[in-house]
Amino acid sequence: MTENSSAWGVRVPASPAVIAGATPERLSLAEKLGYGCGDLSSNLTWGMTMSYLMYYYTDIYLIPAAAVAWLLLVPRLFDAFCDPLFGYIIDRTSGRHVKSMIGLLAVPFGVVAFLCFLPLPLPPGGKVVWAWVSYLAFGAMYSAINTPYGALGNMMTTAPQERVTLNAFRMAGCQIGQLAVAGLTLPAIAFFGGGGDAPHQQRGVAIFSLLLAIVGTGLWILTWRSAKIRKPLPVTDHRLGELLSSLVRNRLWHLCNTLMFLNFLVFCSESALTIHYTRFILHRSAATAGLLLTVATLGAVIGAVVAPMLTRRLGIRRTYGLMLVCELAGLAAMLAAGGNFVLFLVAFTLQYICVGVLSPLCYAMLAEAIDDGEAKTGVAATGLAYSVNSLVTKVAVGVTGFIIATLLAWGRYTPDLQVGGPVLTFWLKAGFLGVPCSAVVLAILTLCFWPADARVTAKA
């Protein structure tokens, strides 16, 4: 089989189009937009879990922070079974059901997304049980639809720069979804609820989540209808053990998963604590927190848009390293800003532009790592590779939620608290700035371990 160089300088099998001397087929704008609709749909609901689920559980549904910490962590262990199961199904069926799975699961996804934010009128113990059941169901359905969605991107094109662009649209959809959630959630809850106390907020969040679920279902249907598969997955009869063994030997895939985990750790910790940090460190209202989340999401959208331009000039690895350094500088500036809102806002926005650049690069690198692993082992494990990667991102969300909720409990946070003391201030800074700084430093170290023969220096 003829080989060609990927954007990383890695030798991978050429697609049939390359063997014939043709240029890999470019994706139409409609396909890119349609693919981006999938992540837009996910983040109208998943974005709610990252930015507002902790606030919803502690301040609206009135579940103690200590109980929320375990609630956000343990269900992710359940996903350790769900994600690989769906990935294995995709690999065993050669991906021929990838598109149909997205179409069939669009409506069920919307239903469980609504149930996750449906505050049933139950006693305290019943609230905890309902939160566990609904959050577990949402995580399982997220796995069921996002695993084929991730594999779909690999099947739409083999061209490295097209993959960067496709994933830029994906991340733009992700950030637009988060932008809508950041800008609309608190005003919508107040509008639909008709009041500021817990019962009115519960009604408001239920109505708003229902609207998001309806829109999200429609967006998944657009993804299903617009996508065209140009690279079907190879027919495989490998057993689960062989598929797992091929992934264990794929060093690039491990590094990609580590970088993805750390990237999610950064913005999940900041998103979860933005409201609390705004109230007790910046001494501003919760409405300002919604503004910050909106501005941050706009910055991330800008980052996703400029990512392809940066990779054309610098290459994927250099761009990734540069953004990590800039992100660390932004976090340091936010710490130095203290209560200075203007300086904090500038640093916060610039940091999220870096986050926006890094996100599509993670997925483009993952696609290349999967292809490289297949070339070296002869085992196609695309579905399983994406399913485990989906698990990694959800574990990152769960671990971050556990850490942040634990820090709030250590800070003696309660929903009726008006002024934060030194203990709460310390733990809020540790969660909002300390956790992201640690994650960025670890990401820089991880990038340094990139093997010399797979260095991402070539321009995409």
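This is a predicted model: local features need pLDDT of at least 70, side-chain atom pairs count only at pLDDT 80 or more; totals for chains, interfaces and linings use all residues.
The axes of α15 and helix α16, which covers residues 422-448, come within 8 Å and cross at roughly 165°. Because an angle over 145 degrees counts as roughly antiparallel, α15 is roughly antiparallel to α16. On the α15 side, the residues that meet α16 are Ile-403, Ile-404, Leu-407, Leu-408 and Trp-410, while α16 contributes Val-423, Leu-424, Trp-427, Leu-428, Ala-430, Gly-431 and Val-435. Sorted by class, this contact of α15 with α16 has 11 nonpolar residues, 1 polar residue and no charged residue.

A second pair is formed by α2 and α9, whose axes come within 8 Å and cross at roughly 155°, which makes α2 roughly antiparallel to α9. Here α2 passes α9 in a left-handed crossing. The contact involves residues of α2 including Ala-30, Glu-31, Gly-34, Tyr-35 and Met-48, and they belong to a set that meets residues of α9 among them Val-205, Phe-208, Trp-220, Thr-223 and Ser-226. By class, the contact of α2 with α9 divides into 13 nonpolar, 8 polar and 1 charged residues.

Helix α9, residues 198-226, also meets α8, and the axes of α8 and α9 come within 7 Å and cross at roughly 115°. The crossing of α8 past α9 is right-handed. From α8 the contact draws on Leu-184, Thr-185, Ala-188, Ile-189, Phe-192 and Gly-193, and these meet a group in α9 that includes His-200, Gln-201, Arg-203 and Leu-211. Val-205 and Phe-208 of α9 are in contact with α8, and both residues are also listed in the contact with α2. The contact of α8 with α9 comprises 8 nonpolar, 5 polar and 1 charged residues.

Rolling a probe the size of a water molecule over the atoms shows where empty space is left. The structure holds 7 cavities of 30 Å³ or more, and the largest cavity contains about 280 Å³ of space. Its lining is made of 26 residues, of which Asp-39, Tyr-142, Arg-170, Phe-264 and Tyr-363 are the closest to the centre. Two or more lining residues come from each of α2 (29-51), α7 (124-156), α8 (160-193), α11 (251-280), α14 (341-377) and α15 (382-410). In the lining of the largest cavity, 14 residues are nonpolar, 10 are polar and 2 are charged.

The second largest cavity has a volume of about 100 Å³. It is lined by 13 residues, and Thr-49, Met-50, Leu-72, Ala-272 and Gly-401 lie nearest its centre. At least two residues of this lining are supplied by each of α2, α3 (53-60), α11 and α15. The lining of the second largest cavity has 9 nonpolar residues, 4 polar residues and no charged residue.

Taken together, α2 meets α9 and gives residues to the lining of the largest cavity and of the second largest cavity, while α15 meets α16 and likewise contributes to the largest cavity and the second largest cavity.

Notes:
Residues are numbered from 1 along each chain as its sequence is written. Side-chain values use heavy atoms; hydrogens and water are left out. On a 1 Å grid over the protein atoms alone, a cavity is a set of points where a 1.4 Å probe fits but cannot get out, and a pocket is an open set with protein on both sides within 12 Å along at least five of seven lines; lining residues have an atom within 4 Å of a point. Grid points are joined across faces, edges and corners, and a volume is the space filled by probe spheres set on the points. Helices (H or I, at least four residues) and strands (E, at least two) are DSSP runs, numbered from the N terminus. Ala, Val, Leu, Ile, Met, Phe, Trp, Tyr, Cys and Pro count as nonpolar, Asp, Glu, Lys and Arg as charged, and the others, Gly among them, as polar. Axes are lines fitted to C-alpha atoms, for helices over the stretch in contact, and angles run from 0 to 180 degrees between N-to-C directions. A crossing is left-handed if the near helix is turned anticlockwise from the far one by less than a right angle, and right-handed if clockwise. Contact means heavy atoms within 4.5 Å. Angles under 35 degrees count as roughly parallel, over 145 as roughly antiparallel, 65 to 115 as roughly perpendicular and the rest as oblique.
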